[in-house]
Amino acid sequence: MQLSGKRVLVTGASQGIGAEAAFRFAAHGAHVHLVARSAELLDLQVKRITEFGGSATAHVADLSDAAEIHALAESVPAPDVLVNNAGVGRWLFLDDTSAEELQTMTAVPYLAALLLTREYLGAMRARGSGWIVNVNSPVSRLPIPGCAGYQSARWALRGLTASLRLDLRGTGVGISEVVPGKVSSEYFDNNPGAEERIPAIARLIPTVTPAQCAKAIVDAVEKERAEHLFPWQLKAFELSGRLFPGLTSYLTWRTGTHR
């Protein structure tokens, strides 16, 4: 897809991967709609984009609220590219997680992506064009101990992507799933204790930057890639999990967190 002149909506765009993706889309000539809960942080990102000659608009919305998702879709027409990037959630054992927190980490990323995509899908199909990107986590491929609620939501997002890929075949609308390894973003600062639960064996996968993630997201749209896991070490672990599921699962458990 040629991005110049296109309209792109990016969720979770106030910092980290979303902010960098918005900046990179704008640098490719797209008008970017940035969505997040913090008006102050969004304004900083819009200022950053416009100072470099890009075009952007901020939209404050809590994507854990279905009514706010609908209101966002009412105010922003169906974009050419929808990037479902917003995600929250601490890594906890299931019985250590409150029912309220489980609902929140299911609402974002999974329900947010599900409902926002639903809002725009009809218009995309009617015009016969559009692209969706779901940004997912490595735990959607390689389950680890100690984060049942978070990774269940990530597996649900993976299922949504796979289902839409079949439904959209031949419609002119496409979908990508971008899965980076550990990212040097604010996520681990915002979710203390999560970093310590990464199994020792998974720490062999190099950390990537939000800028690298942004490049992968934009490349996925431009090249219309169905899936992109990176760095290559993550792809190797994912392949190992498919070829040797028992061994990979054991090593992940053995080197992971325990009570």
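These legends describe close-up views of a predicted model.

**View 1. Helix 4 packs against helix 5.**
Two packed helices are described by the angle between their axes and the distance between the axes. For helix 4 (residues 99-127) and helix 5 (residues 148-167), the axes come within 7 Å and cross at roughly 15 degrees. Helix 4 is therefore roughly parallel to helix 5, since angles under 35 degrees count as roughly parallel. The crossing of this pair, helix 4 and helix 5, is right-handed. On the helix 4 side, the contact is made by Leu102, Met105, Thr106, Pro109, Tyr110, Ala113, Leu114, Thr117, Leu121 and Arg125. Helix 5 contributes Gly149, Tyr150, Ala153, Arg154, Ala156, Leu157, Leu160, Leu164 and Asp167. Sorted by class, the contact of helix 4 with helix 5 has 13 nonpolar, 3 polar and 3 charged residues.

**View 2. Helix 3 also passes helix 4.**
The axes of helix 3 and helix 4 come within 10 Å, and they cross at roughly 35 degrees. The crossing of helix 3 and helix 4 is right-handed. From helix 3, the residues in contact are Ala66, Ile69, His70, Leu72 and Ala73. From helix 4, they are Leu111, Ala112, Leu115, Leu116, Glu119 and Tyr120. By class, the contact of helix 3 with helix 4 has 9 nonpolar, 1 polar and 1 charged residues.

**View 3. Thr161 is a buried residue of helix 5.**
Thr161 is found in helix 5. Its relative accessibility is 0%, so Thr161 counts as buried. Leaving aside residues up to four places away in sequence, Thr161 touches Asn134, Ile175, Ser176 and Glu177.

**View 4. A salt bridge joins Asp80 and Arg127.**
Side chains of opposite charge can pair when their charged atoms come close. Here the side chains of Asp80 and Arg127 meet in a salt bridge, at 3.9 Å from N to O. Asp80 lies in the loop between helix 3 (66-75) and strand 4 (81-84), and Arg127 lies in helix 4, so the pair ties together parts that are 47 residues apart in sequence. Arg127, with a relative accessible area of 34%, is partly exposed. The structure holds 12 salt bridges.

**View 5. Arg259 forms salt bridges with Asp95 and with Asp96.**
In the salt bridge between Asp95 and Arg259, the closest N and O atoms are 2.9 Å apart. This pair links distant parts of the chain, with Asp95 in the loop between strand 4 and helix 4 and Arg259 in the segment after helix 9 (245-254), 164 residues apart. Both Asp95 and Arg259 are exposed. The side chains of Arg259 and Asp96 also meet in a salt bridge, at 2.9 Å from N to O. Arg259, in the segment after helix 9, and Asp96, in the loop between strand 4 and helix 4, are 163 residues apart. The relative accessible area of Arg259 is 63%, which means that Arg259 is exposed. Asp96 has a relative accessible area of 45% and is partly exposed. Elsewhere, salt bridges that share partners join Arg141, Glu177, Glu227, Lys235, Glu238 and Arg242 into one network.

**View 6. Ala200 sits in the loop between helix 6 and helix 7.**
This loop runs between helix 6 (187-190) and helix 7 (210-222). Ala200 has 40% relative accessibility, so Ala200 counts as partly exposed. How far apart are Ala200 and Asp95 in sequence and in space? They are 105 residues apart in sequence and 24 Å apart in space, C-alpha to C-alpha.

**View 7. Backbone geometry is shown at Glu224 and at the bond from Phe230 to Pro231.**
Glu224 is found in the loop between helix 7 and strand 7. Phi of Glu224 is near 55 degrees, a positive value in a residue other than glycine. With a relative accessible area of 47%, Glu224 is partly exposed. The peptide bond from Phe230 to Pro231 is cis, and its omega is near 0 degrees. Pro231 is found in the loop between strand 7 (227-230) and helix 8 (232-243).

Conventions:
Residues are numbered from 1 along each chain as its sequence is written. This is a predicted model: local features need pLDDT of at least 70, side-chain atom pairs count only at pLDDT 80 or more; totals for chains, interfaces and linings use all residues. Side-chain values use heavy atoms; hydrogens and water are left out. Axes are lines fitted to C-alpha atoms, for helices over the stretch in contact, and angles run from 0 to 180 degrees between N-to-C directions. Helices (H or I, at least four residues) and strands (E, at least two) are DSSP runs, numbered from the N terminus. Angles under 35 degrees count as roughly parallel, over 145 as roughly antiparallel, 65 to 115 as roughly perpendicular and the rest as oblique. A crossing is left-handed if the near helix is turned anticlockwise from the far one by less than a right angle, and right-handed if clockwise. Contact means heavy atoms within 4.5 Å. Ala, Val, Leu, Ile, Met, Phe, Trp, Tyr, Cys and Pro count as nonpolar, Asp, Glu, Lys and Arg as charged, and the others, Gly among them, as polar. A salt bridge is a side-chain nitrogen of Lys or Arg within 4 Å of a carboxyl oxygen of Asp or Glu. Buried means under 20% relative accessible area, exposed over 50%, partly exposed in between (1.4 Å probe, protein chains only).
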